[in-house]
Amino acid sequence: MDKELDSPLYEVDNSVDSPEKQETNTRRNVYKSIKNWTFTIPNLDIGSRGFNVSPKIASLVQILQCFQKDAEKFRGIVLVRRRITALAIVEVLRTVSGHLPFIRVEALTGPWAHDNISQLSILKDFTVGKCNLLVATKIAEDGVEVPPCSCIIRYDIFDSSISYAHTCALANGPECHLVFMLDPNSDAGRRTVRYLARMPEDLKHWTQLAATRETGAYPPANMLQTADYYHSDSEEDVNFRSEYIKDPTMSGKIYADDAVNVVYRYFSSLPSASRPTITSRAIFRFTSPSPSVHVCTIIFPSGSPFSTVEGPPSASTIAAKRAACFKACKQLHALGLLPYQLFPRPKEVARRLRPVAVFIDEEVEQTKGDILPTLPPAPLPPSHVPSGEDGTNIPTVVPEATSKAQLASGTRCYKRKTPEFWKNILEVKHSTYYPTIITVDRNSNPSKPYRPILFITRNPLPVIEEIKLHFAATHSLTYLRPGHPLQFDDQKLSLLHRYTLRAMRAIMNKPLNCAIEEMPYFLAPLDFAWDIETGKAQSRWPYPDVSDYIPWDLVIYAAEQHLVPLRTESLESLEEDIKDAVVQDWWTEFTKRYDCMRLRRDLNPLTPLDDLAKAKNPANLVEVCKAKRKGFEGLVDYSQPLIEVSNLPGITNRLSPVVKTFTPASNGSLYSAKFVIPELCSKFTIPASTMRTLSLIPSIMKRVDDTLLVRELNAMYFYNEIDPSALQAAITAPSAGLETDYERLELL
């Protein structure tokens, strides 16, 4: 074997200094260094100058020595997080076998496979007593069935009540000892001790039931939870190739190994009315069609979307439980009922973070906590470009968007981060869509209602709290409530795509095109028959079904054309046509639009208007048209009535209470009457009540994006422990002009 490793791994062209050659040389040098390394025997005497092992390893040896008097009956498990830790501990314990002559140790690392001969052999040796100590990763915590033990040692602390219950389940032997090895300088260790000392009685009762019964029990609401699940490195390698459920909000992934924890946390997060009053009720039910086949069924409480979920046949009860829980997670996710808080924190986050060095004293350095990635250095101004030894300038990369003022002041501009939700949503390919009902609580004026609209996405939008929008003299709340998932065929999806483009072009008053595959969301109106109060109620299952309230005739009407002529054949038809209508006095798509107020039969195009006279403008609308409309040749009917209109709201920052959202008239009133001539007008194909709500979309989406980014920040760096509203204020600058910012937060 040594001869094989001493020989080149593969042939490369020595005449070219290629990356392959560099890699070959590096691997050869690493191998030679390890082969010629001089290893010293571990010295466990902590008072000796030659003490060369970690204090935790020395403590582990001391703990194991306490069981020497019961050497024949001893059977123990040491639980660690990483596979490399397990292998290292096994090698150390074998090296110091003189201190532990009764210990016969093996390493058991995951993931568990029923056809893995090595794992089966180790587990068999542990069962018959040939091996009496296992150093294992998470595989032994909840992945395999082990015989009764006399000692369970948690070398690394547990991270949740569920993990603690799994550990207690292993300590099922007579007079079994459960040992936790905690670092006295670790905050996590202190929290663990505090948690064990102050555990509520109902949580103690649940832990006992979950540890002693394979059928489990419904957890209480005060269960210790964490979203930072850990896997051993070998489990991560297999998970990379395994099926998973991806959270669109945080990009977290749930694998089959995580599913049992997720189901427990889901039951714990249910409202008190939905959870059983008796926590001793079993969650899992097992059946065995044959000795080698096991099936697990999950029993859901009343009020859940389904009563039971039956998993696929599996080779063991533990594998059956995982498979059933994973199937339940997929079904909950498909209905939009699996919140982002239940997903593990993405592993990419931990890789991007680096530890903070905290100096305890001059000789001991401890790492603790996480910080944000280091920002790149600011670009240097032209006058400070560094030069080499020969006097030539060293080129530096300066972003194109960097201005001279920024270079001179040393400031930097960074592109605003896009929420992960919008990136992940484009990867989804299915026919199920998730509507969010947008309801504006501003319908006190019957003449200018705000019709609810649907905000439709390929993944369920996370729960968004009420959004406060500011208007001229007051504020209104906007509610975003989830609806029941919908199915659209290609024809209806195409109509929604064209309707959304029509609506967004009208909001921005600019050209816009986007392929249907790249649409992050779709918009749709709701019929007036829809109960507005339903859109304000707190969301709970079952979500309201809006499929029968989408007016497809209006969707088709707006998707196929943007302007239609007014019905001027009679005064009655004209009066009916301008109800809830948007008109414009130019036959072009991008122009100013007006909200129709009423038909003024007492006025005609030749009627003198006081507003125009006071402003020293032409006395009537005909004169205005002659002055401003190129090629105006006159009207067909000079006796036709006028339409009284008001300006349709444009894009305005409704999130700021200080932004001026109206223009007073010259006499100080908030409304100045405007009139248009029906013969010269066209009608926009989206009703005014819908356009009023659509005009709020920019402000609503700004708050939605801010909320998604705050949740990402909270989950990545603070484990969802900070109040999102306080975190939102903490990262908001006063210059943003929003209702709260970090200066106001400090004042409060």
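How many aromatic pairs does the count come to in this structure? The model before us is a predicted one, and for it the count comes to 21 aromatic pairs. I shall present two of these pairs, then a cluster, and finally the charges placed over rings.

Let me begin with phenylalanine 74 and phenylalanine 102. Their ring centres are 5.7 Å apart, with 85° between the planes, and the pair is edge-to-face. Phenylalanine 74 belongs to the loop between helix H3 (55–65) and strand E1 (76–79), while phenylalanine 102 belongs to the loop between helix H4 (83–95) and strand E2 (105–108); the contact therefore ties together parts that are 28 residues apart in sequence. As for accessibility, phenylalanine 74 and phenylalanine 102 are both buried.

The second pair consists of phenylalanine 488 and tryptophan 552. It is classed as edge-to-face because the planes stand at 80°, with the ring centres 6.1 Å apart; the cut-off for that class is over 60 degrees. Here distant parts of the chain are linked, 64 residues apart: phenylalanine 488 is in the loop between strand E17 (486–487) and helix H16 (490–508), and tryptophan 552 is in helix H18 (residues 552–560). Phenylalanine 488 and tryptophan 552 are likewise buried.

I turn now to the cluster. Tyr218, Tyr266, Phe267, Phe300 and Phe306 are joined into one by ring pairs.

Finally, the charges. Arginine 75, in turn, is placed over the face of phenylalanine 126, at 5.5 Å from the ring centre.

Notes
Residues numbered from 1 in each chain as written. Predicted model: local features only at pLDDT ≥ 70, side-chain atom pairs only at ≥ 80, totals over all residues. Heavy atoms only, no water. Phe/Tyr/Trp six-rings, centres within 6.5 Å; stacked < 30°, edge-to-face > 60°. Helix = DSSP H or I, 4+ residues; strand = E, 2+ residues; numbered from the N terminus. Buried < 20%, exposed > 50% of the residue type's maximum accessible area, 1.4 Å probe, protein only. Lys NZ or Arg CZ within 6 Å of the ring centre and 35° of its normal.
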